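Trainee: I am new to this structure. Could you walk me through it, one question at a time?

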Amino acid sequence: MYNNLRFIPEFSIDELESIQLKGLQWTLNHAYKGCMAYRDKLDQAGFSPGDFKTLSDIVKLPFTDVEDLRLGYPLPLLSVPQEDIVRIHASSGTTGKRKILAYTQNDINTWKNMMARCFELADLTPMDRVQIAVGYGLWTAGAGFQLGCEHFGAMALPLGPGNLDFQLQFLTDLKPTCICSTASMALLLSEQVVKMGLEDQIALKKIIFGAEPHTPKMRQTIEKTLNLEHSFDIPGMTEVYGPGTGLECLKHQGMHYWADIFILEIIDPLTLQPVPAGETGEMVITTLCKEGVPLIRYRTRDLCRILTESCPCGIKMPRHDRILGRSDDMIIFRGVNIYPGQIAEILEEFNDISSEYQINLNRQKGLDFMKISVERKVNASSDNDEKLAQRISARIRSKIMVRTEIVLADPGKLPRSMGKSRRVIDERNNT
Ligand code: AMP
Ligand code: ZN
């Protein structure tokens with residue numbers, strides 16, 4: 001399926017374990033020597049870097065999380081002298097302050113390689129033209145795709161996000177074969193292509209979607225509308241360089257991730273213990289060669305599971321499933337814990353609605369209310385709205401035990417986004 005791989009290395013399990021052990025020992029020494037916060041953390045856990053003898057010792061290491069990044073603002077967990085830093089990137093933190101991550105030149109090179117591996121997995125060639133329709137500047141997305149695209153040798157069209165007219169003009173004039181964007185942006189573009197009747201003037205074959213979860217329905221809609229050969233989910237986060245910690249392969253059965261560059265553990269977010277192989281939990285990442293800001297057991301809050309079988313594509317790098325959402329996205333509604341992804345999954349069962357949805361929460365007379373707006377599929381009649389709303393509501397009630405009001409909207413009426421879609425609007429504290 002894949003021949004003559006240039007960027008993706010092939011390791012046996014033994015080789016990979018040896019790289020991981022050496023990388024972990026290096027990271028512990030490096031962080032211990034270079035960063036006071038890490039030294040304190042490891043000292044408090046009664047651990048000195050020399051104690052680390054086998055990979056299974058990883059569970060004895062303390063966790064790091066977003067609080068450590070907040071405490072160290074503006075340059076948290078910096079483990080090299082400042083003159084070795086060549087760049088920073090940032091993402092909006094949930095705590096209000098930005099998470100700023102610092103990179104050495106070696107970090108940039110590692111990231112460049114990771115991203116080039118992604119383009120290789122997506123089976124691009126130097127003949128491909130890649131429209132990069134994600135944020136540039138402080139954000140990692142644009143920089144990451146661009147670095148990787150150039151290193152891989154394809155042609156980068158660095159448009160950035162937004163400006164639909166501009167995106168469409170490039171799609172028809174430069175005829176990119178691949179676009180990198182959020183799934184929300186891809187949906188908006190695909191709708192716009194149809195609206196303007198441009199289907200025959202574009203040459204897109206592939207889309208790489210990142211930065212937010214998307215449902216299979218959303219993806220099929222985009223693939224069908226744009227007549228794509230493939231689309232790929234790309235995971236990543238600013239803390240771990242940026243986009244490109246892995247990618248789906250041509251078999252589309254989960255994402256291969258770069259286990260020679262970081263170790264992925266899945267833990268139970270309540271007990272903090274590893275979950276049994278293949279079960280869903282929180283992704284915890286330990287980097288193996290990151291210099292500027294190494295991560296030791298960093299709690300990402302992303303929920304996912306590792307896929308344990310080998311992949312039919314033949315690539316041996318391990319795989320994880322798609323990211324289901326973030327543990328901090330959990331809604332507590334009348335005492336029930338709900339993830340937006342659970343609602344999205346139920347909505348997927350209904351063929352008469354599109355992939356788009358928005359959840360509104362408010363409080364009336366001290367009680368929580370949930371309204372879910374969904375869109376009727378194009379060409380579907382509104383005559384059945386009432387019955388359909390009742391069916392959806394009943395299904396949600398039976399599956400997650402909550403009462404909801406379902407509102408059917410006309411196709412295209414829910415807000416569209418050129419970045420990450422906001423699926424939940426919680427106004428309970430304002431009402
Ligand atoms: P940022 O650091 O701003 O790039 O945001 C990273 C976060 O975006 C991750 O922790 C995930 O919660 C989310 N994310 C990134 N890529 C994906 C993806 N492919 N699927 C689902 N969520 C994603
Ligand atoms: Zn594969």
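Mentor: Residues are numbered from 1 along each chain as its sequence is written, and chains are lettered from A and ligands numbered from 1 in the order in which they are written. This is a predicted model, where local features need pLDDT of at least 70, side-chain atom pairs count only at pLDDT 80 or more, and totals for chains, interfaces and linings use all residues, while side-chain values use heavy atoms, with hydrogens and water left out.

Trainee: Which residues coordinate the zinc ion (ligand 2)?

Mentor: Donors are N, O and S atoms within 2.8 Å of the metal (3.2 Å for Na, K and Ca); water is not among the atoms, so sites may look incomplete. The distances here are 2.1 to 2.3 Å. The residues are Cys-249 (SG), His-256 (NE2), Cys-311 (SG) and Cys-313 (SG).

Trainee: What is the arrangement of the four donor atoms around the zinc ion (ligand 2)?

Mentor: Four donors count as tetrahedral if all angles lie between 85 and 135 degrees. The ideal angle for four tetrahedral donors is 109.5 degrees. Around the zinc ion (ligand 2) the angles are 104 to 113°, so the arrangement is tetrahedral.

Trainee: How many residues apart are Cys-249 and Cys-311?

Mentor: Helices (H or I, at least four residues) and strands (E, at least two) are DSSP runs, numbered from the N terminus. Cys-249 sits in the loop between strand 10 (246-248) and strand 11 (255-257), and Cys-311 in the loop between strand 15 (306-307) and strand 16 (319-320). The pair links distant parts of the chain, 62 residues apart.

Trainee: Is Cys-311 buried or exposed?

Mentor: Buried means under 20% relative accessible area, exposed over 50%, partly exposed in between (1.4 Å probe, protein chains only). Cys-249 has 0% and is buried. Cys-311 has 8% relative accessibility, so Cys-311 is buried.

Trainee: Which residue stands opposite Ile-179 of strand 5?

Mentor: Two strands pair if DSSP finds at least two bridges between them. Strand 3 (residues 129-132) and strand 5 run parallel, joined by three bridges. The residue opposite Ile-179 is Gln-131.

Trainee: Which residues are buried on the two sides of strand 5 (residues 178-181)?

Mentor: In a regular strand the side chains alternate between the two faces of the sheet. Both faces of strand 5 are covered. One side has Cys-178 and Cys-180; the other has Ile-179 and Ser-181.

Trainee: What is the bridge partner of Ser-181 in strand 6?

Mentor: Strand 5 pairs with strand 6 (residues 206-210) over four bridges. The sense is parallel. The partner of Ser-181 is Phe-209.

Trainee: At what angle do helix 7 (residues 183-195) and helix 8 (residues 216-226) pack?

Mentor: Axes are lines fitted to C-alpha atoms, for helices over the stretch in contact, and angles run from 0 to 180 degrees between N-to-C directions. Contact means heavy atoms within 4.5 Å. The contact includes Leu-187 of helix 7 and Ile-222 of helix 8. The axes are 9 Å apart, and the angle is about 35°.

Trainee: Which elements do the buried residues of helix 8 pack against?

Mentor: Lys-217, Met-218, Arg-219, Ile-222 and Leu-226 are buried in helix 8. Just after helix 8, Asn-227 takes a positive phi of about 55°. The packing partners of the buried residues are helix 7, strand 6, strand 7 (230-234), strand 10, helix 9 and strand 20.

Trainee: Which are the edge strands of the open sheet of four strands?

Mentor: The strand order is 22-21-20-23, with mixed pairing. Each edge strand pairs on one side only. They are strand 22 (405-409) and strand 23 (424-426).

Trainee: What is the bridge partner of Leu-361 in strand 23?

Mentor: Strand 20 (residues 353-364) and strand 23 run parallel. Three bridges join them. The partner of Leu-361 is Asp-426.

Trainee: How far apart in space are Ile-353 and Leu-388?

Mentor: Ile-353 is in strand 20 and is buried, at 0% relative accessibility. Its contacts, leaving aside neighbours within four places in sequence, include Lys-217, Leu-388 and Leu-408. Ile-353 and Leu-388 are 35 residues apart in sequence; C-alpha to C-alpha, the separation is 9.2 Å.

Note on methods: Tetrahedral: all angles 85-135°; square planar, octahedral: opposite > 155°, others 65-115°.
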